[in-house]
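This report considers how charged side chains and paired strands connect parts of a protein chain. Please keep the sequence and the three-dimensional view at hand while reading.

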Amino acid sequence: MTKPEDRVEQLRNEIREHAHRYYILDEPTVSDAQFDELVAELRRLEAEYPDLITPDSPTQRVGTAIGDLFAPVRHLRPLFSLDNADSESDLDAWHQRLTRQLGSEPDSYSCELKIDGLAVVLTYRDGLLTTGATRGDGTTGEDITANLRTIDSVPLKLVGEAPALLEVRGEVYMPYEAFEELNKRQAEAEQRLFANARNAAAGSVRQKDPAVTASRGVDIWIYQMGHVEGGPELRSHTETMDYLASMGFRVNPASERVETLGAVKAYVSAAESRRHDEPYQTDGVVVKVDSLEDQARLGFTAKAPRWAIAYKFPPEEQVTTLRDIQINIGRTGAATPFAVLEPVFVGGATVGMATLHNEDQVALKDVRIGDQVVVRRAGDVIPEVVGPVVAARSGDEVPWRMPTYCPFCGNPITRAEGEAVARCTGGFDCPSRVREWLFHFASRGGMDIEHLGYKTIDMLLGDGLISDPADIFTFDVDELREREGWGEISVNNLRSAIEDAKDRPVARLLTALGIRHVGGTMARVLVRAFGGVSALMEATEDEISAVEGVGPVIAAAVSEWFSDPSNRELVEKLGAAGVRLVDPVDASVPGDLLEGATFVISGTIEGFTREEAQAAVEERGGKATGSVSGKTTALIVGESPGASKTRKAEELGIPIIDGDTFREMLDAGLSALPVDA
């Protein structure tokens, strides 16, 4: 059994090493959550054995040593760390400590999104920016003034009457859009991709050449006043942030002042549920006592303010071992590599496999079998390997290459010139391709056949009951009664789901067939132009290409698919099985009612699925897109709309309409929109 003093020393050494890699080298080898676990264990041991606490313990300092790349800058006031909360009970305990020390509950709190970036300090003298520095060890940081001056949202001169001396704290971050663009440039230059936006932001502002920083698209939110001489009397943190905003600092509009602990919890819950709607990475909420007088009374511990706490969201990135790289053959024959991982809990689930996208991405990320890798799972998004932890390599890791032959059918895997994806050449002789095709056909994005997932499809294929999508509508469902787990209710449920699917809109069928380049939107365009699958099947490539919005690549793919005799036979079998091939014409819907208008739909609109709402717009000649831009006619919002889309619409002055106005517009056209639309 390890002695407490030995474990404490081991933890301190590990924490120092990881802190150096995180703050100085921008090359962490563990996730934030894993680092926090090490610190938490050390604190527990030091609390249990206080005689083991030493002045140089990582728990007794607020930051880490500064690097030697830039000149040191001493901050006017120390920057402290924040204590963490991982649950509502932690918030309750913090609230009880506040109330006990103040003698009553605080009047109000400030809630702010915790941005995952790099903390910096900006100093202004007589309204002019004189110094910009990293956080460093909390007392001394690195002088990165030249780099911070390249960020457009960092004021070089303050607006209005500025105080004689002002120090503010902020978080430099990289928006998702800028991060994706940066990695795109890295890929084009055949350079290694950045693992996440936080590391990319930190590396971008710690460049010797400010021009590199300027090209990276980083931004900043200001979240605290550190020191001021000659400013106005301010009573609260909220007033302080309003004051800083008035001088030209960029203050996050998502921050809120609330009056009760219950309202704090509600803010935290809402922030966590919409974290993926923000255009930047957030990993929690910072809660502060709003009154500056109460903040002064509460004061600080050796490392953190008593009046603030950081509520951490569950981690969406973890580090684990990449055991193997294998491939899956999809419905189009695409050979997609995926990672077999040492199982790790991330994003609310245990992950044992993760996507690697394609052969080029594996090479660009330089992911090798045996690597320690960063795994990301955000909400319901498919887990992916973000990149390797290069600093953790031992030299035994093995590079991966795409197999020459399909592991499922033995046919060659080839890659056409100019394409990013390699494909199995076995056609539908490949059992993996057939399986994925059938799953896609029955999925929610296709014919939406409930109770027909991978497990059931595997059973039906294995027993020879189905071999193509048309068989789904003709096999004897009652045969399943003989299988374990299939009783009267489950058999009848599947039978009903299959019958319901026969009458799906034809665009759903066209999407489900799995024609390359034909998703839901393109399927609706084609069905609207040709009326149904039968007419589309007989159309020439030129006739398909002549449809507005259909390019030559899509036209060629559609024409090629329907020219295959086996595909034509499949369509005939589907029709014979009772599947709708032509949509009924609704003469009451004018096809040009919304001609020339473009809409974005956000949230859930009562009475419509997302696809039904999009189809309703397109049936009337309008367009439904996924992102708000200057070309958007209106944003249609239902329940739980995306915060970033709403904010973008407000910034651009795009009209925002609710479900009632949307329904009115479907009958009356654009005249139903607000007058200023």
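This is a predicted model: local features need pLDDT of at least 70, side-chain atom pairs count only at pLDDT 80 or more; totals for chains, interfaces and linings use all residues.

The side chains of arginine 435 and aspartate 458 form a salt bridge, with a distance of 2.6 Å from N to O. Arginine 435 belongs to helix 12 (residues 431–442) and aspartate 458 to helix 13 (residues 454–462), so the contact ties together parts that are 23 residues apart in sequence.

## Bridges across longer stretches of sequence

Side chains of opposite charge can pair when their charged atoms come close. The structure holds 39 salt bridges. One of them joins glutamate 88 to lysine 265, with 3.9 Å between the closest N and O atoms. This pair links distant parts of the chain, since glutamate 88 lies in helix 3 (residues 88–102) and lysine 265 in helix 9 (residues 261–273), 177 residues apart. Glutamate 88 is partly exposed, at 45% relative accessibility.

A further salt bridge brings together the side chains of glutamate 419 and arginine 516, at 3.8 Å from N to O. Glutamate 419 is in the loop between strand 17 (413–414) and strand 18 (423–424), while arginine 516 is in the loop between helix 15 (506–512) and helix 16 (520–530); the pair therefore ties together parts 97 residues apart in sequence. Glutamate 419 is partly exposed, with a relative accessible area of 28%, and arginine 516 is partly exposed at 33% relative accessibility.

## Strands joined by hairpins

Strand 12 (residues 317–329) and strand 13 (residues 335–346) pair in the antiparallel sense, over seven bridges. Within this pairing, aspartate 324 stands opposite valine 340 of strand 13. The hairpin that these strands form has five residues between the strands, and glycine 333 takes a positive phi near 90° there.

Strand 13 also runs antiparallel to strand 14 (residues 349–355), to which six bridges join it. Here valine 346 stands opposite alanine 349 in strand 14. Two residues separate strand 13 and strand 14 in their hairpin, and glycine 347 in the turn has a positive phi of about 60°.

Notes. Residues are numbered from 1 along each chain as its sequence is written. Side-chain values use heavy atoms; hydrogens and water are left out. A salt bridge is a side-chain nitrogen of Lys or Arg within 4 Å of a carboxyl oxygen of Asp or Glu. Helices (H or I, at least four residues) and strands (E, at least two) are DSSP runs, numbered from the N terminus. Buried means under 20% relative accessible area, exposed over 50%, partly exposed in between (1.4 Å probe, protein chains only). Two strands pair if DSSP finds at least two bridges between them.
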